[in-house]
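Hello,

Here is the structure for your files. My notes follow below.

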Amino acid sequence: VTALALIDGNSFYCSCERVFDAKLEKRPVIVLSNNDGCAVARTSEAKALGIKMGQPMFQIRDLCRENKVAVFSSNYALYGDMSRRMNTIYDTFSPDNEIYSIDETFLDVAPVPKGQRTEWAGDLRATTRQWTGIPCSVGIGPTKTLAKLANKASKHLPGGVLDLSDPREQARVMADFPIGDVWGIGRASQAKLLALGIRFAGQVRDMDSKLARQMMTVVGEKIVHELNGIPCIALETVAPQRKGCAVTRSFGSRVTMKVEMEQAVAGYATRLGEKLRRHNLATDQVTVFMHTSRFNDDEPQRSVSMTVDIPEATNDSLQLIKAGRRAVDNLWLSGFRYSKAGIITQDLVRPPIPQRALFDNLDHERAAAVMAAMDEANRRWGRATVVPAATMGGPKKSQSFSTKFEMRSPRFTTRWDELPECR
Ligand SMILES: [Mg+2]
């Protein structure tokens, strides 16, 4: 029988900010999205003021001033590092975990005897709090959906832990658990269910699974089974091996010049390289395609593609750009208004270990170092901070290199020059 725990950081981004400033402990805190656009994390005090998830900053500026709300730009370097620290702790509690998001991890608790899970989870939570400063909640259940539900329900409990291993406990909690808070039930499904008088998780659990499938596709059917304690969504302790990878986009406005197409494809090749490096994969061929819009059938139509072989499997963006450019050179024909292009690759492999031989080796090492530096810069300062020159310009002129982070806290844990100071 499976048993899973979901541990989740409470108001995670805000909690990270509080760790480094004790004065924030009782103050309402919010964290803003990129460019300081809208609130993406709120403490319970901020929620109590009526600040909504995703609410634009300009709507709440006065409210924040009047109520001394601490407002932060997002500090992903800090949140990412805190997340890594927390997962290191989780690893000592259970070897089989799935990191689900920056602040949520599923842990396998089947090895923990049924009667001891609440205590185990309390220990997990207390250790995480003590070692990182982040308050968490833990939900336990036989399926991911029930663990999620338990986690949500545990937020209201003083101990921050809820074990729904027992079917009677499941039934008690599901009886008045709103469907909108069930994992996987979106707004559209919610409206359909409400129309049938289904308001609580317990009623979804009792639905005919075929009906659930009709109303909410296969997702709905899985939800019904999962609420009944039958696992349908496996724990993914290892990210599944990717079979192929694609980066494709529709252009904001039609592309009619070759240089624009080259820049666009170079941009996709760069993105492809990033994806491959993140998964430690490589490829020895890429297919580039481009086509006009089928919806403008009064215009001349064209749809072409070409596969380019790369001598040795690589995930170096510059090599991928070179291959992409060769394809564009071969495929390009003026006189058409292209609406979409992309780069696709199949047969992904582990990157080859560079041969310790002769002249080639130095280039390999230098290229890898350049890519690593580029990835690190983009991770730290945001996507496209550093890009190959071949991608500059491009069909969309709106590329922004000046993301605003006016209220960002220091990167306390990842930068020597931003370490917290004690006096
Ligand atoms: Mg959270």
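A246 stands opposite I344 in β12. The model is predicted, with local features needing pLDDT of at least 70 and side-chain atom pairs counting only at pLDDT 80 or more, while totals for chains, interfaces and linings use all residues. Residues are numbered from 1 along each chain as its sequence is written, and side-chain values use heavy atoms, leaving out hydrogens and water.

Eight bridges join β9 to the antiparallel strand β12 (residues 338-346); strands count as paired if DSSP finds at least two bridges between them. Helices (H or I, at least four residues) and strands (E, at least two) are DSSP runs, numbered from the N terminus.

These two strands belong to an open, antiparallel sheet of four, in the order β9-β12-β10-β11. Since β9 (244-255) and β11 (303-314) at the edges each have a single partner strand, one side of each is left without a neighbour in the sheet. On average, neighbouring strands are turned by 15 degrees against each other, direction ignored.

Helix α11 (residues 258-278) lies across β9, β10 (283-292), β11 and β12, at about 150 degrees to β9. Helix α12 (residues 317-331) lies across β10 and β11, at about 150 degrees to β11. Axes are lines fitted to C-alpha atoms, for helices over the stretch in contact (heavy atoms within 4.5 Å), and angles run from 0 to 180 degrees between N-to-C directions.

Elsewhere, seven of the eight residues of helix α1 (residues 12-19) are buried, meaning under 20% relative accessible area (1.4 Å probe, protein chains only). Among the elements covering them are β1 (4-9), α2 (44-48) and α4 (76-93).

Regards

Notes
Buried means under 20% relative accessible area, exposed over 50%, partly exposed in between (1.4 Å probe, protein chains only).
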